[in-house]
Amino acid sequence: MIRGPVLPQVRERLWALVSTRLDRVESGLRLVLEGLDCSDGQLGLVDGLARDAMGGPVLVLLATEGDALLPARVLAAGSFVARVRDALVRAVPEARFCPGVSGRVLVVGTEASGAALTQVASLPVPALQVCALEPFRVAGSERFAVRWLAVGAQHASVDGAGVSMAPAAGLPASQEFVVPAQAVELWQRLCSICERISPGMQVHGDRFSRFITCNGALLGEVRTVDGGLLGSAATGVARELRDPRDVRWFGDQLLRAWARHAGLELDAEASNKESTSHDAGSGPVVARSTATRHAANGRDSSPAGESLRSSLEASRLSSDEYSALGAPPSSGGVGSEGAVAEDRQPSPSAKLTAPNVGRSD
């Protein structure tokens, strides 16, 4: 016996399911009103008027088997969106549409309406998107995947509110990410950080979201929310990305999540003991310093708790090493603050003559 499709095929039941899960079709998409008539009652109603993550209007239509007026209704919806433009901002104030964000037409169907979806996908509507919901059952629960059949040319457009960003160099291809115009540079900075953390980092998602993963493990997510970017890390924290400092902070959270996934974290108590112990030898400190340098080169990651002080301690010369360079044994060493000061601001003679390394004039 062949199991029938999970999603209901009756329009009312299908709409009840889709309307409550629009965010799973596209991140940030939410229903505002139902039953939009933009054809004077001649072609039937658009199922819903929604708002996307950038604040733009989206006319949502269901594709069901036997709906002969669907192509005409889609054309009418596309023409309506092109005509009204920003007029919907004042005409539907409860939707809180943002001026300057173009409208779209979204057609959603299932396998049973495959013929209708194929026909609609070929229509000359620039702002048209068509997707099919693929139902399946796993672990006793019903789920669906979204398969995109047509993506309008607006994905590659630039308007006053957002810019469609192709994936950064070195990262896998994905559906273009619409980034607010004022956050384009911040997003590019974050992509660069992801590339430096690990060559295995992947950035993928839909129109208004990006998942950052490594070997299938979710490290973080970035969403377009109300004209800005919101970053949520797997470490359990979230933050708006409003300036380069926010991006660096989020990059640090991604690095911590990646280190945890790679099993590179040290016990916090053990890490503190290593960073404060100088009598037991420099082996653990040097090892952690080496891990930090490898992370900078994209080959490894520093353990949690790595500090600048421990790196400086590992880089200082011992008394024996100063002696080998020709300097008096008392002029250097781990406890010499003068040597550290000169390391920060070396004189020209110190760069050229080895015996001057430990001198303080």
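I take two strands as paired if DSSP finds at least two bridges between them. Helices (H or I, at least four residues) and strands (E, at least two) are DSSP runs, numbered from the N terminus.

**Model.** I am working on a predicted model, where local features need pLDDT of at least 70, side-chain atom pairs count only at pLDDT 80 or more, and totals for chains, interfaces and linings use all residues. Residues are numbered from 1 along each chain as its sequence is written, and side-chain values use heavy atoms, without hydrogens and water.

**Sheet.** I looked up the strand order. An open sheet of 6 strands runs E1-E2-E3-E4-E5-E6, with mixed pairing. E1 (30-36) and E6 (141-151) are the edge strands; each has a single partner, so one side of each lacks a neighbour in the sheet. From one strand to the next, the twist averages 30 degrees. I then checked E5 (residues 128-138), which pairs with E6 in the antiparallel sense over 10 bridges. Valine 130 has alanine 150 in E6 as its bridge partner.

**Helices.** I count contact as heavy atoms within 4.5 Å. Axes are lines fitted to C-alpha atoms, for helices over the stretch in contact; angles run from 0 to 180 degrees between N-to-C directions. H1 (residues 11-19) packs on the sheet and touches E1, E2 (46-51), E3 (57-63), E4 (104-110) and E5. The direction of H1 makes about 140 degrees with that of E3. H3 (residues 70-84) lies across E1, E2, E3, E4 and E5, at about 180 degrees to E3.

**Cysteines.** I searched for disulfides (cysteine sulfur atoms within 2.5 Å). The structure holds 0. Cysteine 191 is in no disulfide; its nearest cysteine sulfur, on cysteine 194, is 6.2 Å away.
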